[in-house]
Every structure is written in structure tokens, then in C-alpha cells.
Amino acid sequence: MKIKFADRLNRVEEYYFSRKLKEIAVLRASGIDVINLGIGSPDLAPAPQVVDTLVTESRRPDTHAYQSYSGIPALREAFSVWYRKYFHVALSPENEILPLMGSKEGIMHLSMAFLNPGDEVLVPNPGYPAYAAVARLLGAQVHYYPLEEENHWLPDLKKLEASDLSKVKIMWVNYPNMPTGAKASFDLFEALVDFGKRNNILIVNDNPYGFILNDEPLSLLQVEGAKEVAMELNSLSKSHNMAGWRIGMLAGRPDYVQAVLQVKSNMDSGMFKPLQLAAAEALRLPDSWYGQLNAIYRKRREWAYKILEILQCNVNKEQVGMFVWAKIPAEYESSAQFSDEVLKQTAVFLTPGFIFGSAGERYVRLSLCTKELRLREAAKRVEKIMVKEGKV
């Protein structure tokens, strides 16, 4: 006897990295030293004062109770100051900011607050798989829009507007872009806001990579009148090395934020207060924090370029963020074949671009969340195999 699973599971698959990590674990258990350059989970530590705050506050007897669903005032105020300082965006800490247990949670909660079965969602191709997966779980229809290298991985809004958008409720955008590393511009954000207004579509920018190897952090909410049709997700995962802490935020107009809170309040019982106080401390770090972090990533990126160039991939060095996106050699049929071949021959894992959509089929993604010593070792391994095959 077996209880039948929910039909919605037929609409999604197990997350690719969940399956691949199991495969890598098996290889490592057999004695193979796999260098995983696939996943963007920062290997560096948060600032010492952030950890100190968590420890100190956790020792207090009065910080272990349930907390407000909307986060403590100190955290909302810290997010507000952070947005004003770096993005020049005024957000009311009272009703325009909602702390989240990671911004990935926000994708689900926001979708639940706005989507009905049969609604359509605009999802970038290539793009973060969670946008489409969440839509499908909720019975919404995914309407992919292409991002192409020839257009600098930016949406062609004119072409998109020529299609039927009558059922579209949400458009997901993600700049700085993952996986391509493309930067947004203020002009693009203005065009997106205008597009949302003309078509009555909520534009949501997922913005966790704005401070990684990017000299010009931008927010969609900088555009005048953006709050009418736009919201933004952000996170401390990448910018503050706090991925496992699960701390993010959603920003937007009060009634939109309240709608998401209505969903969220039925899903959890508030975030641990010491985590929130530590997050507020992280948001107060000086500019030098980002400078030091980027100095490390900049060195790593040079090794990432070297690895990919040895593999005869084509790399655009104008990209930003904590990944490097590269086009695979023409001799390979697919990104999966290329990735599997590199893993088999060198025990170095690169993420195949197909997992981000059909437009990523000819590309791979390399994460910078690996120490320089391991990147050097990866470079040695791929160079050795390429020399052996007479390709360098």
C-alpha cells in the first residue's frame, strides 16, 4: 500500500544540484578528490562582529521566544538605511520592508500572494530554476522570455510586448543576472517599470548579487514610480557570506508587502531574534567590507578565467557577480556532455548551463566560492588533460 503523492509533484523535478551533490558525494566516498566549482555557496565567513552579535544575543535568556512575523524593528530599520545608502531608495521600515528567511522563501510567498491557477508568469531563459518551479507548483503557466548573448542577456521588451500578455501577472527579472553575470542599467529598469505599467504586470527583481564584483549596485526601486508595479528581493547570503543563516528581504509598496505577509504569517512563526540582530549588524558594515570581499573574488575570478580558457571556452570578461559564465567549445553536443566529460577526466565539476533553460545549453557556469588554492589545482588538472589530448 502506498499513499498517492500530490499531483503538483508531477510539475517539478528534484533540484538538479540536489541530485548532483549526491553523485559527487559517491565519487568522494570512493576516494576521488572532486573540486566542486558548481554551487554559489560562499566559503568565506561573515564579519567577526556579526558572529559576535549572534553569540552574545543567543546567550541572553530573553531572546528565544517567538518573534514578529514582520521582523524586529531594528532589522527593518537597518535594511531601510542600507537601501538608502547604497541604492538611494527610500523605504519605510514600518510597511515597505519584509524580512525573510532567505530570499528564496520570498519567491514562493510572493507567488502565493499574487498568482491564481491559470495565471501566467514571465520567466527568463536562462534563469534561476526556482521561478518556474514555484509557478508550476501553484498551477500557474510559465511563459519563458529569452535572454540572448547578442542582446547582452537583456530582455527584448518590444518583442515580448508583441506576444499575448493578457494573462501575465508577474515578470521575474534578476540583475545582476544569474547565471550570465550581465549587469542592468538604469535605462533597462526604467523600461521595465514602463512595461509593467502598460501591461499591468508586477515586475520583481531578484537582487542578491549586487555587491559582488560590481562597482555600480542598482535597484529596480530607484526608478521614479517603480513601487506602483515593482518589488525587489534582496539577501545577505552572497553580500555578507551568510547563505546558511537564511536572511533576506522583500521591498515594495505597503499593500503588496502586506499581501505577502498575509501568506508568510501562515507559514512560519518568525525568525530567531539573535539572527535578526546579527543581520542588522551586518547591514551596518563599512564600505571596506565589500572592498575586502571583492579583492578575494577578483583574484579567484582570474583563475576561473584561466580554467575556462584552458578548456577552450569563450568568456566575456565584462560580467559581474560570483559566477563566471562561458560558452563551451563547438565540438560538444551539449553542456551536460561537456560538464560530465570534465568531471570524469579531471574530477572538476562545472555547472552545465542547460539547468537554467534551453538558452543556456551551450554554456557552463563556474562558481567563485572556492579557495584560490583549489582553483589553481583545478587549472592544473584541466591543463594536464588538455595537453594529454593535444589541445593546448
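Me: What makes the backbone nitrogen of F354 and the side chain of S335 a polar contact?

Reply: In this predicted model, the backbone nitrogen of F354 lies 3.1 Å from a polar atom of the S335 side chain, and because a polar contact is a pair of N or O atoms within 3.5 Å, that distance falls inside the cut-off.

Me: Why is S335 called buried, and which residues does S335 touch?

Reply: S335, which is found in helix α11 (residues 335-346), has 0% relative accessibility and therefore counts as buried, since the term applies under 20%. Leaving aside residues up to four places away in sequence, S335 touches I328, P352, G353, F354, G360, E361 and Y363.

Me: What makes W82 and F87 an edge-to-face pair?

Reply: The rings of W82 and F87 have centres 6.1 Å apart and planes at 85 degrees, so the pair is edge-to-face. Both residues are buried, and they belong to one aromatic cluster formed by F79, W82, Y83, Y86, F87, F211 and Y290.

Me: How do you know that the span of α3 agrees with its number of residues?

Reply: At 1.5 Å a residue, the 15 residues of α3 should span 21 Å, and the C-alpha atoms at its ends are 20 Å apart, which agrees.

Me: Which elements do the buried residues of α3 pack against, and what follows the helix?

Reply: The buried residues of α3, among them L75, R76, A78 and S80, pack against β2 (97-100), β7 (230-235), β8 (248-251), α9 (273-283) and α10 (287-310). The helix is followed by H88, whose phi is positive, near 60 degrees.

Me: Why is R365 said to lie over the face of F323?

Reply: R365 is placed 3.7 Å from the ring centre of F323, over its face; because the cut-off for the CZ atom of Arg is 6 Å from the ring centre, that distance qualifies. R253 likewise lies over the face of Y256, at 4.2 Å from the ring centre.

Technical notes. Residues numbered from 1 in each chain as written. Predicted model: local features only at pLDDT ≥ 70, side-chain atom pairs only at ≥ 80, totals over all residues. Heavy atoms only, no water. Phe/Tyr/Trp six-rings, centres within 6.5 Å; stacked < 30°, edge-to-face > 60°. Buried < 20%, exposed > 50% of the residue type's maximum accessible area, 1.4 Å probe, protein only. Lys NZ or Arg CZ within 6 Å of the ring centre and 35° of its normal. Helix = DSSP H or I, 4+ residues; strand = E, 2+ residues; numbered from the N terminus. Expected span 1.5 Å × (residues − 1). Contact = heavy atoms within 4.5 Å. Polar contact = N/O pair within 3.5 Å; in protein donor to acceptor, adjacent residues only side chain to side chain.
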